[in-house]
Amino acid sequence: MDGFVEQPAPREEWGSLAPSIHLPLLPCLLHHPVTRGPKETEFQKTKEACLNYIQDALLQNQWQRAAEFMISYLEILETSTVSKRKTAPESNIEELNYFTERMKNLGVKYYLKVCLEHIFYLLCNGLIDEAYQNLTLAESWRYGEQTAAQNDELKLIQAYKGLLDYYNWSKKREAMLELDEENFTDSSEQEMHNFFRQAAVNLKEIIKIPGVWDPFVVSYVDLLEFYGDFDEAREVLTEYAYNSKFPPNPNAHAYLYHFLKRRGESKKSLVSVLKILHKTVPSHELMLEFYTMLKKSKKDKKRRLGLEVIFEVLDFAGWKENVKAWSCLAEQIKQILDNSNKHLDWVKEEWNSRKDWWPAFHFSHYLAKRNWQENEKLAYEKALLAGILLGKDCKYYKYVLHQGCKAKKKRFQTLKKFVKKHNSAYLRITACSDSSTHL
């Protein structure tokens with residue numbers, strides 16, 4: 001294998017981290033042709049269909065679905081009594097465990113993969129201890145000469161065992177923090193250290209393999225930080241973020257940023273990390289922190305980047321009603337206008353690529369009504385920007401301004417004066433946009 005790719009997007013949290021399992025075709029096991037008589041009965045057709053459903057579920061790695069068909073219906077299909085077939089019971093943990101053990105015997109080639117699927121099922125159902133026991137058994141399983149594929153699967157099993165060791169360690173840590181140091185016994189401290197040692201060994205191994213290992217990396221770094229090994233934690237996170245052998249992963253840069261921030265690193269180091277994250281995911285929640293750092297810079301280049309960052313954040317639907325983001329954009333544009341329109345060209349450049357779609361996306365009459373009803377602060381910030389970017393005839397600006405003045409809100413009178421005062425800025429922005437359109 002070139003490397004594992006563990007996806008962080010949850011299927012059912014733990015279950016999302018499962019690798020694909022591909023079983024061979026099993027017609028000889030699951031296909032039972034009817035030989036009794038020339039014509040199949042309804043009972044025989046139903047039984048055959050049920051077996052086909054089981055086979056289909058197995059081939060798609062849908063273990064729970066296969067178990068439900070196997071357990072819930074096979075017993076019913078052993079009888080021709082129609083009433084009994086309609087009362088199929090639901091499967092339970094014990095039945096599924098039994099079914100999984102039978103599945104492991106399909107072939108040693110798939111033993112570890114079936115174990116992983118079973119473990120994920122147990123974890124999804126909150127059966128941590130049972131999952132740990134199964135991981136321990138799978139870790140010690142050996143059959144003949146180990147293949148490269150089985151070696152990779154074994155590392156994955158060891159990694160999940162390490163993750164559960166971390167889980168047990170974290171519970172001990174919580175208990176220790178709740179108690180006085182004197183009341184935390186030596187045996188409890190030793191047990192906690194044992195969990196740490198077991199977790200650290202397995203987690204460290206899996207994150208050496210190129211892949212997306214977010215929960216494993218976060219857990220390992222937490223262990224290292226708790227025991228003061230900050231250099232190792234920094235090395236792990238830096239490798240995870242910048243090693244070109246690993247697939248691109250925005251979370252890796254976010255983890256490194258948070259670590260550096262906790263360690264009180266320089267603003268230069270933080271900006272460097274967030275700059276890469278911005279290129280990868282311009283809508284990331286850390287972009288507001290990135291903008292705040294950039295706007296405080298004395299360098300025009302960084303403040304220019306800050307304006308680009310906040311404009312790009314608002315390109316995404318998830319930020320449409322974020323008051324802080326709109327406040328940040330309004331604040332920077334007000335500063336530019338109050339500074340004799342210096343750097344107005346920055347605003348022109350950003351607006352030129354958005355003038356055709358932002359009006360409908362952000363500044364429609366419908367949104368003006370909704371924003372005013374739901375969040376006056378949001379409506380105010382957007383109205384200010386609508387007045388500057390689209391002029392005082394913009395429907396969004398006119399509606400919000402009318403509602404604000406009707407409610408005798410003083411700041412809306414101030415808003416009206418500000419937009420009127422800087423009407424020339426709107427004309428200059430429009431002139432630039434129009435000339436760019438004709439090019």
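This is a predicted model: local features need pLDDT of at least 70, side-chain atom pairs count only at pLDDT 80 or more; totals for chains, interfaces and linings use all residues.
Visitor: What is the chain built from, helices or strands?

Guide: The protein chain has 439 residues, and 45% of them are buried. The strand count is 0 and the other count is 23, so by the DSSP runs used here the chain is built from helices.

Visitor: Leaving aside neighbours within four places in sequence, which residues is Leu329 in contact with?

Guide: Skip its neighbours within four places in sequence, and what remains for Leu329 is Leu307, Ile310, Phe311, Leu314, Trp358 and Leu385.

Visitor: Are H5 and H6 roughly parallel or antiparallel to each other?

Guide: Helix H5 covers residues 93-104, and its axis runs 9 Å from that of H6 at an angle of about 170 degrees. Angles over 145 degrees count as roughly antiparallel. The crossing of this pair is right-handed. H5 and H6 are therefore roughly antiparallel.

Visitor: How many charged residues are in the contact of H5 with H6?

Guide: On the H5 side you'll find Ile93, Leu96, Asn97, Thr100, Glu101, Met103 and Lys104, and they meet Tyr111, Val114, Cys115, His118, Tyr121 and Leu122 in H6. Sorted by class, that contact has 8 nonpolar and 3 polar residues, and the charged ones number 2.

Visitor: How many charged residues does the contact of H15 with H17 have?

Guide: H15 and H17 pack with their axes 10 Å apart at an angle of about 30 degrees, and they are therefore roughly parallel. The contact uses Asp300, Arg303, Arg304, Leu307, Glu308 and Phe311 of H15, with Trp346, Val347, Glu349 and Glu350 of H17. Split by class, the contact has 4 nonpolar residues and no polar ones, and the charged count is 6.

Visitor: Which helices do the buried residues of H14 pack against?

Guide: Helix H14 spans residues 287-295, and its buried residues are Met287, Leu288, Phe290, Tyr291, Met293 and Leu294. Their packing partners are helices H12, H13, H15 and H16.

Visitor: Is His343 buried or exposed?

Guide: His343 sits in the loop between H16 and helix H17. Its phi is near 70 degrees, a positive value in a residue other than glycine. Its relative accessibility is 14% and the cut-off is under 20%, so His343 counts as buried.

Visitor: And Lys408, buried or exposed?

Guide: Lys408 also has a positive phi, near 55 degrees, and lies in the loop between helix H21 and helix H22. Its relative accessibility is 76%, and the cut-off is over 50%, so Lys408 counts as exposed.

Visitor: Leaving aside neighbours within four places in sequence, which residues is Asn202 in contact with?

Guide: Asn202 belongs to helix H9, residues 186-206. Its relative accessibility is 12%, so Asn202 counts as buried. With neighbours within four places in sequence left out, the contacts of Asn202 are Gln158, Ala159 and Gly162.

Visitor: How far apart in space are Glu153 and Ala138, C-alpha to C-alpha?

Guide: Glu153 is found in helix H8, residues 148-178. With a relative accessible area of 9%, Glu153 is buried. In sequence, Glu153 and Ala138 are 15 residues apart; in space, C-alpha to C-alpha, the value is 10.0 Å.

Conventions: Residues are numbered from 1 along each chain as its sequence is written. Side-chain values use heavy atoms; hydrogens and water are left out. Contact means heavy atoms within 4.5 Å. Axes are lines fitted to C-alpha atoms, for helices over the stretch in contact, and angles run from 0 to 180 degrees between N-to-C directions. Helices (H or I, at least four residues) and strands (E, at least two) are DSSP runs, numbered from the N terminus. Angles under 35 degrees count as roughly parallel, over 145 as roughly antiparallel, 65 to 115 as roughly perpendicular and the rest as oblique. A crossing is left-handed if the near helix is turned anticlockwise from the far one by less than a right angle, and right-handed if clockwise. Ala, Val, Leu, Ile, Met, Phe, Trp, Tyr, Cys and Pro count as nonpolar, Asp, Glu, Lys and Arg as charged, and the others, Gly among them, as polar. Buried means under 20% relative accessible area, exposed over 50%, partly exposed in between (1.4 Å probe, protein chains only).
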